[in-house]
Amino acid sequence: MAMGTSEAVLQIFSRAVPCLFGSDPCFSKSELMIPFESRVKSIKKRRSRCMLKCSCITQIHTTTHQLHGNGGVLCGNTSIHRSQLQSCKCQSADSVSGIAEEAGNGTWFVDNAKKRNPINGVMDTPNVLEFQDVQELKPEMEGSISNGAVETARDTCAKVRVDSIEDEAWDLLRESMVYYCGSPIGTIAAKDPTSSNVLNYDQVFIRDFIPSGIAFLLKGEYDIVRNFILHTLQLQSWEKTMDCHSPGQGLMPASFKVRTVPLDGDDSATEEVLDPDFGEAAIGRVAPVDSGLWWIILLRAYGKSSGDLSVQERIDVQTGIKMILRLCIADGFDMFPTLLVTDGSCMIDRRMGIHGHPLEIQALFYSALLCAREMLAPEDGSADLIRALNNRLVALSFHIREYYWIDMKKLNEIYRYKTEEYSYDAVNKFNIYPDQISPWLVEWMPNKGGYLIGNLQPAHMDFRFFSLGNLWSIISSLATMDQSHAILDLVEAKWGDLVAEMPLKICYPALEGQEWQIITGSDPKNTPWSYHNGGSWPTLLWQLTVACIKMDRPQIAAKAIEIADRRIARDKWPEYYDTKKARFIGKQARLFQTWSIAGYLVAKLMLSDPNAAKILITEEDSALVNAFSCMISANPRRKRGRKSSTQTFIV
């Protein structure tokens, strides 16, 4: 009976969709009897090529996914013996094992038994049955097979389709890999064959590589992350100037590019160099504040995932951590514990009115402080620095939880604020005018739920909801447990606004009309509900997933991933989506955007193994909780006068 049902289903499949099997040269008639799932995975795999030049290599060679062989490596369809390739003598950050090294972890090599779908630049025709295909076949099936068999066929088709999307994503992610002196060092921002204007999308961005790095870590492919960490650390110490001004020493680059240049005095030989951009070439010339913070977070994730703590214990790495911290916690004119930055200094890298103390930077800052405190070696030179970290962590958590939080109760309090209070005991400490409460917020705020506002400055509260800042506040424990649950409650309550047809809105709502003209300067790329101004970014899916796993609410992330599954591969992995409901691919969005691909993969991997999220999650420590409680119970009018001792930072 079971055999008869299976044969009936197979006959219907082969009769209804001949374009998938009969017309494809990858399939023979005999392959029709192979299980459906196995056939989809047996389609030929697309090649990935990366042109590489080194000073000691006499010819250009093509590097593809290299497989172990009998003394050779496979490049495309040609086998080249190792003796034909000389080892690169370029100075590396550390003696890291190469891709083809026999003693490597082995995960760089793709199992040749697991061949994937061909991707000829575009994906016009899916190689699997869509859900609607099965629905259309249902009347025909009812006469010959049971409803149970139809359900089984539908479930199988759905599973195979999702597996095919993941396989495609891994192929594309590996194609985006960049090599330096023969070793993988990162992934480019996008590899869009439809765009002739590359701009800087062919560079390795620090923030863009984070989801790629996490994906490789979850796959056990540690070398590329180790190389990335150590080589970007070398770039930290490079001289940085713009118009005769040099920024602080701890600044990390926004991006870098591997360039091939001729050797001095020898035009016939070349060498590879890393060319960093610290913002001096970026659009708007904005320094990337978040790069160093992301670097520290990735460094901790690498150690927790690989178990290799030797990297974070290195003297140069310890020095790099301290340089970033010194740059962030240096004394200044600001009275607040939050980090003061210019507009466009994070993921939102264009003018969007986030200058001041944007939530995204504060959440990453808090997370980086916790990660750094965990990794700093206990030595005499670090004692003052660690003490300063603890003080900043307590003050920052209190400030964000107390003054950035908003829900219906808090909104009503602000609505009744008195202004012009000159007092140490003032309720309205920042002199916020109740008229700042926008009409959209009054209607939009749900009875259950809340969020952390986007920015806070004297007489100004930015009430927009910024997804990355709120999600990372959950992941880093900057938000309390109650606040974290309330943020996810709000996401569920406002699903149609924040997720809609593609997760996830970068911010809500969009700036429109005169407000858009004044705040963005009439930016034609940040028009309402596009790009950073209310656009939907698939890469945020992985951060949503980690936040949901931490709060033991993975069903929210699963629902968002299911929405992405429907169209992200069909749409060729866009950078972002436009319109209020994310119905259109962004008008200037790059296709095959690497962090859209990597973000999807990380979300899928985390959901299948929730324990893996621990490499990114930081739990609130009891000492901070106690200190926070003391601050709340303390008299707000504290004693004023000279400090009994001056804090010093020895780095």
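In this predicted model, W573 has a relative accessible area of 0% and is therefore buried. The ring centres of W573 and Y600 are 5.4 Å apart and their planes meet at 65°, so the pair is edge-to-face. W573 belongs to the loop between α20 (554-567) and β16 (577-578), while Y600 lies in helix α21 (residues 594-608), so the pair ties together parts that are 27 residues apart in sequence.

The structure holds 20 aromatic pairs. In another of them, the rings of W294 and W542 have centres 6.4 Å apart and planes at 45°, so this pair is tilted. W294 is part of helix α8 (residues 289-306) and W542 is part of helix α19 (residues 541-550), so the contact joins parts that are 248 residues apart in sequence. W294 counts as buried at 4% relative accessibility, and W542 is buried with a relative accessible area of 2%. Elsewhere, W440, W444, Y451, F465, Y508 and W529 form one aromatic cluster.

Aromatic rings also meet charged groups. The charged end of K525 sits over the ring of Y531, 4.3 Å from its centre, and R590 lies over the face of Y201, at 4.3 Å from the ring centre.

The protein chain as a whole contains 22 helices and 17 strands. Of its 651 residues, 55% are buried. Helix α7 (residues 223-236) illustrates such burial: 13 of its 14 residues are buried, so this helix is largely enclosed by the rest of the structure.

Notes. Residues are numbered from 1 along each chain as its sequence is written. This is a predicted model: local features need pLDDT of at least 70, side-chain atom pairs count only at pLDDT 80 or more; totals for chains, interfaces and linings use all residues. Side-chain values use heavy atoms; hydrogens and water are left out. Buried means under 20% relative accessible area, exposed over 50%, partly exposed in between (1.4 Å probe, protein chains only). Helices (H or I, at least four residues) and strands (E, at least two) are DSSP runs, numbered from the N terminus. Rings of Phe, Tyr and Trp (its six-membered ring) pair if their centres lie within 6.5 Å; planes under 30 degrees apart count as stacked, over 60 as edge-to-face and the rest as tilted. A charge sits over a ring if NZ of Lys or CZ of Arg is within 6 Å of the ring centre and within 35 degrees of the ring normal.
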